Amino acid sequence: MPFLRTSLLSAEPAGVLESLEELFALAHAMEQEAANKYDSLADGMRWQGKDDLAEVFTRLAAAERDHVDSVTQWSQSRSGKMPDPAMVRWEAPETLDEEAAAEVKTSRLMTPYRALAMAARNEERAFAFWSYLAAYSADPEIKKASEAMAKEELGHVATLRKERRRAYHREHGRKPDQVPAQLDRVAARRLELCLGTHLAALERRLEGPAAVRTRELREDTMRMAEDARDFGSFPGALELRDAQMIAEALVDGYLEGAERSDEAERVEILQKLAEKAISRLAWLRSLAAE
C-alpha cells in the first residue's frame with residue numbers, strides 16, 4: 001500500500017511491527033477498545049433517554065466485537081494462539097478523541113447521522129494507521145497483513161457511510177433513491193476529471209513522498225474517470241467546490257450506486273471505484289489536517 005501521511009492520527013505510531021503476533025495483538029486491542037467505547041456511549045445514551053442514539057452505538061459495538069472475533073480467528077489460524085495484549089508496545093489511535101466523546105454525551109444536536117459520521121472518521125483513522133505500518137514495514141509478511149487490515153478498515157468505512165446516508169435520509173424525510181431535482185447535473189466521469197485537475201495543482205505544491213502519492217492518486221483518478229463512464233447524476237455546482245468535497249461526493253455516489261444496482265458487473269465496478277475513492281478521500285483529509 002502506498003505511503004500515507006498520518007495526520008489523521010492523533011500521534012504517529014511509535015515504530016513498526018516486528019512480528020505477526022505483534023500485529024494480531026495490536027489489531028485485537030484496537031477493535032476491543034472500539035467495542036468498549038461504543039458500549040459505554042450506548043449506556044450513556046440510554047441513561048439520557050436517547051434510545052435512537054443508544055441503538056446506533058449498540059450496533060457499532062456489536063460490529064466491533066465481530067471484528068475482535070475475526071482477528072482472534074486470524075491469529076489462531078496463523079500463529080496457533082490467541083492475541084497477546086502484552087505484545088502491544090504503543091498506543092493505537094483512539095476510537096473517539098476526548099472532544100468527540102464529550103460532544104456525543106453532552107450535545108443536544110447529536111443525531112444518529114452525526115454519530116455515524118464520527119464512527120466513519122474513526123475507521124478512516126484506523127485505515128491511515130494500518131497504511132502507515134504497511135508502508136514502513138520491512139517484513140513482506142507483516143506488510144501484507146497490515147495491507148489486509150487497511151483494506152478491512154476501508155470496508156468498515158464503506159458500511160458506515162451507507163448507514164450514515166440512510167440516517168440522513170430518515171432525519172430529513174427523504175428516501176435514499178430520491179434525487180433532488182436540479183437543472184444542472186453532471187456524471188461521475190466529469191467530476192473525476194475535475195478532481196484530477198485539483199490533484200495536479202496539489203501535486204505542484206507538494207514535494208517528496210507526498211507529491212509522489214498525490215501523483216499516483218491523480219493518475220488513478222484519470223483511470224477512474226474512464227471506469228465510471230456515464231455513471232451517476234451529481235449537482236453541477238460540485239465542479240466549483242474543493243477537492244475534498246468532490247471526493248466525498250464521489251464516494252457516496254459510488255456506494256449508493258452499488259447498493260441500488262441489480263447488475264452484477266456494474267455492482268463490481270462501483271464497489272471497486274468506491275474502495276479507491278475512500279482511500280483517496282482519506283488521503284485528502286490527511287493533507288487538510290496537516
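Visitor: Which residues in H8 do Ala158, Arg161, Lys162, Arg164, Arg165 and Arg166 in H5 meet?
Guide: The model is a predicted one. H5 covers residues 140-171, and H8 covers residues 243-260. The partners of the named H5 residues in H8 are Glu248, Val251, Asp252, Leu255, Glu256 and Glu259.

Visitor: How many residues of the contact of H5 with H8 are charged?
Guide: The residues of this contact divide into three classes. Three are nonpolar and none is polar. The charged residues number nine.

Visitor: Are H5 and H8 roughly parallel or roughly perpendicular to each other?
Guide: The axes of H5 and H8 lie 10 Å apart, at an angle of about 85°. Angles of 65 to 115 degrees count as roughly perpendicular. The two helices, H5 and H8, are therefore roughly perpendicular.

Visitor: Which residue caps the N-terminal end of H5?
Guide: The cap places a side-chain oxygen 2.8 Å from the backbone nitrogen of Glu141. The residue that supplies this oxygen is Asp139.

Visitor: How far does H5 reach from its first C-alpha to its last?
Guide: H5 has 32 residues. At 1.5 Å a residue, 46 Å is expected. The reach of H5 in the model is close to that value, at 46 Å.

Visitor: Is Thr221 buried or exposed?
Guide: Thr221 sits in helix H7, residues 208-228. Leaving out residues up to four places away in sequence, Thr221 touches Glu192, Leu195, Gly196, Leu199 and Arg280. Buried means under 20% relative accessible area. Thr221 has a relative accessible area of 0%, so Thr221 is buried.

Methods:
Residues are numbered from 1 along each chain as its sequence is written. This is a predicted model: local features need pLDDT of at least 70, side-chain atom pairs count only at pLDDT 80 or more; totals for chains, interfaces and linings use all residues. Side-chain values use heavy atoms; hydrogens and water are left out. Helices (H or I, at least four residues) and strands (E, at least two) are DSSP runs, numbered from the N terminus. The expected span of a helix is 1.5 Å times one less than its number of residues. A polar contact is a pair of N or O atoms within 3.5 Å; within protein, one must be able to donate a hydrogen and the other to accept it, and residues adjacent in sequence count only if both atoms are side-chain atoms. Axes are lines fitted to C-alpha atoms, for helices over the stretch in contact, and angles run from 0 to 180 degrees between N-to-C directions. Angles under 35 degrees count as roughly parallel, over 145 as roughly antiparallel, 65 to 115 as roughly perpendicular and the rest as oblique. Contact means heavy atoms within 4.5 Å. Ala, Val, Leu, Ile, Met, Phe, Trp, Tyr, Cys and Pro count as nonpolar, Asp, Glu, Lys and Arg as charged, and the others, Gly among them, as polar. Buried means under 20% relative accessible area, exposed over 50%, partly exposed in between (1.4 Å probe, protein chains only).
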